[in-house]
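Colleague: I have a two-chain model open and would like to talk through how the chains meet. Could you walk me through it?

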Amino acid sequence: MVKKGKFSEPSLLILISLAETNRHGYAIMEDIQQTYAIQLGPGTLYGAISRLEKAGYIRVIESEERKKPYTLTKAGSEHLTQQIEELQKITTLGSKRLGLL
Amino acid sequence: MKRLIYLYPKPWRERYGEELEQVVEHTGLSSKIIIDLLLGIFDAWHVELSERTICGIRLDRLFVLMSMFNVFVLLQLLSLREVILLEQIALIIAMLSFLLAVCVLLVNVFKLGITKGLSLNTKLGKLSMAFMGSYALFFVSFLVLAN
């Protein structure tokens with residue numbers, strides 16, 4: 001069973017990539033590489049994609065082309081928002097404790 | 001590359017196999033990618049087995065229990081310093097045969113359902129029986145050598 005509350009880093013990066021625009025697997029990989037300089041392996045990428053699809057956070061768009069793009073669902077968007085808010089709380093607290101704020 | 005992708009569980013392969021192949025065509029098949037794919041295969045099987053149960057027991061847990069049982073037997077054997085090498089080899093082969101027999105049988109049951117999966121008319125059913133035969137043979141050899 002997919003644990004909806006838990007996010008691994010690749011899943012979060014994939015959701016953020018799809019929040020911008022619909023992308024197919026390799027395009028997601030390239031976006032993550034260009035944006036964060038993180039090279040996701042194909043096994044890691046599709047492991048995360050399968051989990052996200054099972055959780056209902058992303059879905060594939062039917063296409064005539066060989067490469068099928070993925071899109072963020074409403075549930076995925078809500079979940080990403082929630083995750084980012086949690087990350088913001090953590091960074092704000094960390095910054096305060098470090099005296100940066 | 002296709003051989004590696006073939007190691008993924010069938011439902012997973014049918015859904016993502018082609019896409020994964022396309023991505024690997026772009027990235028190439030370096031040692032890093034091979035390791036990543038092997039970890040992905042392990043992960044996909046873990047997810048696949050954790051979603052299936054037998055008599056209410058999750059399959060991944062069942063495999064862990066079986067592996068622990070095998071490790072326990074092997075550790076017991078290794079601690080017996082007086083046991084000669086030949087006996088150890090016989091027991092190791094017997095345990096591996098048993099593990100493979102159960103794994104092949106479970107795969108067959110998942111592929112074809114309980115009734116067909118347990119019959120000997122299928123290739124995997126016959127293979128499982130062959131491993132069980134090997135288990136029986138080597139376990140008897142172990143007992144004879146040990147006594």
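This is a predicted model: local features need pLDDT of at least 70, side-chain atom pairs count only at pLDDT 80 or more; totals for chains, interfaces and linings use all residues.

Colleague: Which elements of chain B give two or more residues to the side that touches chain A?

Modeller: Those elements are helix 2 (10-27) and helix 3 (31-50) of chain B, and helix 2 of chain B gives the most to that side, with 12 residues.

Colleague: And by class, how many nonpolar, polar and charged residues does that side have?

Modeller: The side of chain B that touches chain A has 9 nonpolar, 5 polar and 7 charged residues. As for polar contacts between chain B and chain A, the count is 9 residue pairs, with both residues at pLDDT 80 or more.

Colleague: How many residues of each chain are in contact?

Modeller: On the chain B side 21 residues are in contact with 20 residues of chain A. Between them the two chains bury about 1800 Å², and 52% of that area is on carbon and sulfur atoms.

Colleague: Which three residues supply more of chain B's buried area than any other three?

Modeller: They are B:Tyr16, B:Val23 and B:His26, which together supply 27% of the area that chain B buries against chain A.

Colleague: Changing topic, where in chain B is confidence lowest, and where is it highest?

Modeller: The lowest is in strand 1 of chain B, residues 53-54, at a mean pLDDT of 71, while the highest is in helix 2 of chain B, at 90. Chain B as a whole averages a pLDDT of 82, and 93% of its residues score at least 70.

Colleague: What does the domain assignment give for chain B?

Modeller: The assignment gives domain 1 of chain B as residues 1-51 and domain 2 of chain B as residues 55-147, and the C-alpha centres of these two domains lie 27 Å apart.

Definitions and conventions
Residues are numbered from 1 along each chain as its sequence is written. Chains are lettered from A and ligands numbered from 1 in the order in which they are written. Side-chain values use heavy atoms; hydrogens and water are left out. Contact means heavy atoms within 4.5 Å. Buried area is the accessible area (1.4 Å probe) that two parts lose on being put together, summed over both. A polar contact is a pair of N or O atoms within 3.5 Å; within protein, one must be able to donate a hydrogen and the other to accept it, and residues adjacent in sequence count only if both atoms are side-chain atoms. Helices (H or I, at least four residues) and strands (E, at least two) are DSSP runs, numbered from the N terminus. Ala, Val, Leu, Ile, Met, Phe, Trp, Tyr, Cys and Pro count as nonpolar, Asp, Glu, Lys and Arg as charged, and the others, Gly among them, as polar. Domain bounds come from an automatic or database domain assignment. pLDDT is the predictor's confidence in each residue, from 0 to 100.
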